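These are my notebook entries on a single structure. I record what I looked up, entry by entry.

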Amino acid sequence: MHIAVIGTGYVGLVSGAGLADFGMMVTCVDKDAEKIEKLKKGEIPFYEPGLENLVLKNIRAGRLEFTTDLASAVKKSLVIFICVGTPSLPDGSADLSQIREVALSLAEVIDDYKVIVTKSTVPVGTNRWIKELIDQHKKHDVAVDVISNPEFLREGNAVEDFMHPDRVIIGGESAYAIAIIKDIYRPLYLSETPFIITNLETAELIKYASNAFLATKVTFINEIANFCEKVGADVTVVAKGMGLDPRIGAKFLNPGPGFGGSCFPKDTRALIRQGRQVSSPFKILEAVIEANERQKLRAIEKLETFLGELEGKTIAILGLSFKPNTSDVRESPALTIVPLLCERKAKVRVYDPVAMEEFKRALGSLPIEYASNSEEAVTGADAMVILTEWNEFRFLDLAKIRTLMRNPLLIDMRNIYDPEQVKKLGFSYSGIGRC
Ligand SMILES: NC(=O)c1ccc[n+]([C@@H]2O[C@H](COP(=O)([O-])OP(=O)(O)OC[C@H]3O[C@@H](n4cnc5c(N)ncnc54)[C@H](O)[C@@H]3O)[C@@H](O)[C@H]2O)c1
């Protein structure tokens, strides 16, 4: 079966390569010509473990190709996956302009029955709107079915998540189209991955409800951590004690500098907007967004507690991506914290194993020093702040770092170090939610 994937970003590229690995003939389309040129040469435009091998393997097998020519890719495909971005608009709602552009392009070129599958995260009702747009504007009198098939992959673990998902959600009205999509995912069906077949609206909402719930769970433990600091409790032990209750579960109970990334913040905001539109407010989620913004200030508050005025102080920031194993800095806490440090006239030196280029692109205009490793970042610093729990930050030579820093202060926003051991080495230490 031939498949077109429109939008070759994190989701489109992983899905395209994954579907090719399932044996499909896949053409990945993007309007970013530079990205497509790179991909044709087998170069991956972002960091994602295991993706390069999967892409190269399937290019060599002749099952995966890249183009900017949407028309030719669509004409030869029965199924079109839409994987373009749905970023936030200033009012928090999802910007559907990329989706609209793709739907109109499809209406131009479709000349045969097609199944249009939306993998992008889209507000409830969007798939019906896509079908209406295509039906209104189509140049040929052909039938089109739409399917909602939200994607749950996590950056940093995306290949594994796509190949071994916890569940596959298929929303639609046409039994024929649903059967085609089930057929595409047959390798997963055979490995007993749970499939949920439902209507369009339910499928669309499963994605938003999942992300908003996880964002809430993280925010809950962040607030418990803040409370722990006031009352002398240890959040790591509180989380362990909570997580042993199977109704709660241990995952996503790690406090930190606030959640970020390309999904949780924007999807939570978009669900709040959707609720308001139908007078069904999400009070919990409004509080989650507010608390998360406050959480991003915790690192600054801790620095000021130890150092007083930050003007003229050198602050080393370790970790810029919103989580380890990705170069993605979208809505990363570092994007809030670093500008605030600059505003306070601190000297900021940053280091991240893979996200430096993307961070530079986002905050290029700020006077930040980019170090080539952790030790260079902390040399002469008054504090080092760990924002992302990259493995290489778990095994820093702290005894050596102590000698390199002007003032040995470690603000550990991921609780990756044992406070007592660090203090024994002569550091002042502050984690999150433990004294
Ligand atoms: N990144 C994740 O971890 C993740 C996980 C699950 C779901 N999602 C959802 O998947 C969607 C895509 O996210 P992403 O992170 O892959 O985005 P992305 O920004 O990395 O990629 C989107 C791609 O679409 C391309 N594009 C835009 N308009 C186009 C058009 N008209 N024709 C061809 N290409 C076009 C862009 O050039 C870009 O390469 C979003 O809705 C997101 O919420 C993302």
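**Entry 1**

I began with Lys345, which is exposed because 12 other C-beta atoms lie within 10 Å, and a residue counts as exposed at 12 or fewer. I note that the model is a predicted one. I located Lys345 in the loop between α15 (333–343) and β10 (347–351).

Phe252 sits in the loop between α11 (235–243) and α12 (264–277).

**Entry 2: Helix α10**

I examined helix α10, which covers residues 200–231 and has 32 residues. From its first C-alpha to its last, α10 reaches 47 Å, close to the 46 Å expected at 1.5 Å a residue. Just after α10, I noted a positive phi of about 80 degrees at Gly232.

**Entry 3: Domains**

I recorded the division of the protein into domain 1 (2–198), domain 2 (208–294) and domain 3 (296–430). The centres of domain 1 and domain 3, taken over C-alpha atoms, are separated by 37 Å. Six residues from domain 1 and seven residues from domain 3 take part in the contact. On the side of domain 1 that touches domain 3, I listed three nonpolar residues, one polar and two charged.

**Entry 4: Val5**

I placed Val5 in strand β1 (residues 2–6). How many other C-beta atoms lie within 10 Å of Val5? I read 32, and Val5 is therefore buried, as 20 or more are needed. Leaving aside neighbours within four places in sequence, I found Val5 in contact with Gly12, Ser15, Gly16, Val26, Cys28, Val29, Phe81 and Cys83. I also looked up Lys360, 355 residues from Val5 along the chain; the two C-alpha atoms are separated by 29 Å.

**Entry 5: The ligand shell**

I looked up the surroundings of the ligand and found 26 residues, of which the closest are Gly7, Gly9, Val11, Ser120 and Thr121. Helices α1 (10–21) and α5 (97–109) each supply at least two residues of this shell. By class, the shell divides into nine nonpolar, 10 polar and seven charged residues.

**Entry 6: Strands β4 and β5**

I checked strand β5 (residues 114–118) for burial, and five of its five residues are buried. One side of β5 carries Lys114, Ile116 and Thr118, the other Val115 and Val117, and both faces are covered. Strand β4 (residues 79–82) runs parallel to β5, and four bridges join the two. Within this pairing, I found Val79 opposite Val115.

**Entry 7: Strands β9, β12 and β13**

I next took strand β12 (residues 383–386), where both faces are covered. Ala383 and Val385 are buried on one side, and Met384 and Ile386 are buried on the other. Which strands pair with β12 in the parallel sense? I found strand β9 (residues 314–318), over four bridges, and strand β13 (residues 409–412), over three bridges. Ile317 stands opposite Val385, and Met384 has Leu410 in β13 as its bridge partner.

Note on methods:
Residues numbered from 1 in each chain as written. Predicted model: local features only at pLDDT ≥ 70, side-chain atom pairs only at ≥ 80, totals over all residues. Contact = placed C-beta atoms within 7 Å. Near = placed C-beta within 6 Å. Nonpolar A, V, L, I, M, F, W, Y, C, P; charged D, E, K, R; others polar. Domains from an automatic or database assignment. Expected span 1.5 Å × (residues − 1). Pairing = 2+ DSSP bridges.
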